[in-house]
Amino acid sequence: MTPTTAPVVGSGSVATDFASLWKTRIGSQAAVLQQMVELAPGTGTPLFLIHWTSGNVRFVRDFATAFNHGHPVYGFEATGLWNREEPLLAVPDVAACYLRQIRSVQPSGPYLLGGLCGGSQIAYEMATQLREAGEVVGPLTLVNAARGELATEPHLGLEDVYELRLASLRRQFGTHDLVGDLSLVMGRMRELRWIDDEAPAADFFWRQVLWAASMYAFLRCRLKPLDVPVNVFVAEESAADPEVSWHDVAPLSRISVVKAVTSGQIMQSRGFIESMRHAFAQSAK
């Protein structure tokens, strides 16, 4: 999908309120538009990675060759990331949408899936739907994975989640004016890989709407039991958080604690690289 610059809303200024931004969305065109992008070329069983809560995944290209072992790697970007297509607000719907696109590349299993942070629940749901269809899946790989149904946050409305997101960004980046300090904030978020380098400033607040949509779905997700191996990789600072444990729903899950901070650092760690080598080898059997 080619990135496009969405129109700026308002009288010569960027709209920041949820209602105005929501009105700029376009109807679903899932039959035409694709969220799947190639992250690394290769041969053999592909790996499909699901974006984190910010909706972007292209940054994985920078280090995919560290762990793909010559296999193709595809990533999914959130619906509406580049074109303001209306986001899906339920994890099962997102999973079904992404699986339709996966089957256009790989009609049958075994399937290798991975989820980044908030995208872990989508990947888990995709694995669940594939198993219900009788497909072979796994191992499922989750990076900095948390579980929304165990979160303590109240189930707020979509607009409330959006406002909390803006408040969090103002606090994190030490500003009371996200519009006035937009260049600084976007620069910091690029460093954190929360937005792509080519993301236009005109889309900044729309992308926070997408973040809110992802979190809205994340907090309402209900996981089903899953009978496939699940490799969960978490940073040291998150290891004690009960939200990173998946064993009650996925008995075959295994948590690996990595001396890292970011998801990117985890995917460049020796443990992750070795785990993916074994996953690709098993998929070829």
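These numbered points describe the sheet, the helices, the cores and the cysteines of a predicted model.

1. Basis. In this predicted model, local features need pLDDT of at least 70 and side-chain atom pairs count only at pLDDT 80 or more, while totals for chains, interfaces and linings use all residues. Residues are numbered from 1 along each chain as its sequence is written, and side-chain values use heavy atoms, with hydrogens and water left out.

2. The sheet. An open sheet is formed by 7 strands in the order β1-β3-β2-β4-β5-β6-β7, with mixed pairing. Its edge strands, β1 (36–40) and β7 (253–258), each pair on one side only. Strands are DSSP runs of E with at least two residues, and helices are runs of H or I with at least four, numbered from the N terminus. Two strands pair if DSSP finds at least two bridges between them. β5 and β6 are parallel partners over 4 bridges, and L140 stands opposite V230 in β6.

3. Helices on the sheet. α2 lies across β1, β2, β3 and β4 (112–116) and runs at about 155° to β3. α3 touches β2, β4 and β5, and its direction makes about 155° with that of β4. Angles run from 0 to 180 degrees between N-to-C directions, with axes fitted as lines to C-alpha atoms, for helices over the stretch in contact.

4. The largest core. The largest nonpolar core has 36 residues, and M126 and L140 have the most contacts inside it. The largest share, 7 residues, comes from α2. Such a core is a set of buried Ala, Val, Leu, Ile, Met, Phe, Trp, Tyr and Cys residues joined through side-chain atoms within 4.5 Å. Buried means under 20% relative accessible area, exposed over 50%, and partly exposed in between (1.4 Å probe, protein chains only).

5. Helix α6. This helix (residues 204–220) has 17 residues, of which 14 are buried, so α6 is largely enclosed by the rest of the structure.

6. R165. Is R165 buried or exposed? R165 is buried, with a relative accessible area of 7%. This residue of helix α4 (residues 158–172) is in contact (heavy atoms within 4.5 Å) with S54, M189, W194, Q208 and W211, leaving aside neighbours within four places in sequence.

7. Cysteines. The count is 0 disulfides, a disulfide being a pair of cysteine sulfur atoms within 2.5 Å. The sulfur of C117 is 15 Å from the closest cysteine sulfur, in C221, so the two are too far apart for a bond. C117 counts as buried at 18% relative accessibility, as does C221 at 4%.

Key
The expected span of a helix is 1.5 Å times one less than its number of residues.
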